[in-house]
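Reader: I would like to learn how to read strand pairing and the connections between strands. Please take me through an example.
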Amino acid sequence: WKEFAAALKHWSDHYADEIFLDVVIRDFDMPKAVLDILRPAFENSRIESFAFCGSDHPGDMADFAKRVLQANHSLLKVNFADITFAHEDLKTVCSAIKSRNLGGQFI
C-alpha cells in the first residue's frame, strides 16, 4: 500500500497538468491502517474519482471519504459498492458531500 500511495503522488507530480486519475480498488481488505497509508496520497493527488468495492470496514471507509473529500477538490465522484454503511457512517459521507457542494466544489 505504501508503494501504491507513493505511485499516486509521483504520477500526480509528473502529470499534474495533463489528466486526472480514476482509482478503483476492488475486493481488498481496507482496515484503518491501510486507509491511513493511502489517505495522504488521496488527499493530495489528482484523483477525479475513486471507487471502493467490498470492504468490511465501513466506519473507517466513511472517515477516510470525509477527510479526502474535504482535502482534495479535484475529486468529483465517489463510489462505494458492496459496502454496507451504518446510518451514522452514511451521514458522515453525505455531510462531507453536502459541505463540498455548499462550498461550490460540487460532487
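Author: Two strands pair if DSSP finds at least two bridges between them. Here strand S1 (residues 21-26) and S2 pair in the parallel sense over 6 bridges. The chain gets from S1 to S2 by way of helix H2 (residues 32-44), a right-handed β-α-β crossover. Right-handed means that, with the strands pointing away from the viewer, the path from the first strand over the helix to the second runs clockwise. Helices (H or I, at least four residues) and strands (E, at least two) are DSSP runs, numbered from the N terminus.

Reader: What should I know about the model itself?

Author: It is a predicted model, where local features need pLDDT of at least 70, side-chain atom pairs count only at pLDDT 80 or more, and totals for chains, interfaces and linings use all residues. Residues are numbered from 1 along each chain as its sequence is written, and side-chain values use heavy atoms, with hydrogens and water left out.

Reader: Which residue stands opposite Phe50 in S3?

Author: Val78 does. S2 and strand S3 (residues 77-81) run parallel, joined by 5 bridges. Between them the chain passes through helix H3 (residues 58-71), and this β-α-β crossover is right-handed.

Reader: Why is S2 largely enclosed by the rest of the structure?

Author: Buried means under 20% relative accessible area, exposed over 50%, partly exposed in between (1.4 Å probe, protein chains only). S2 (residues 47-53) is largely enclosed because 6 of its 7 residues are buried.

Reader: Is Asp27 buried or exposed?

Author: Asp27 counts as exposed, at 57% relative accessibility. This residue lies in the loop between S1 and H2, and its phi is near 60°, a positive value in a residue other than glycine.
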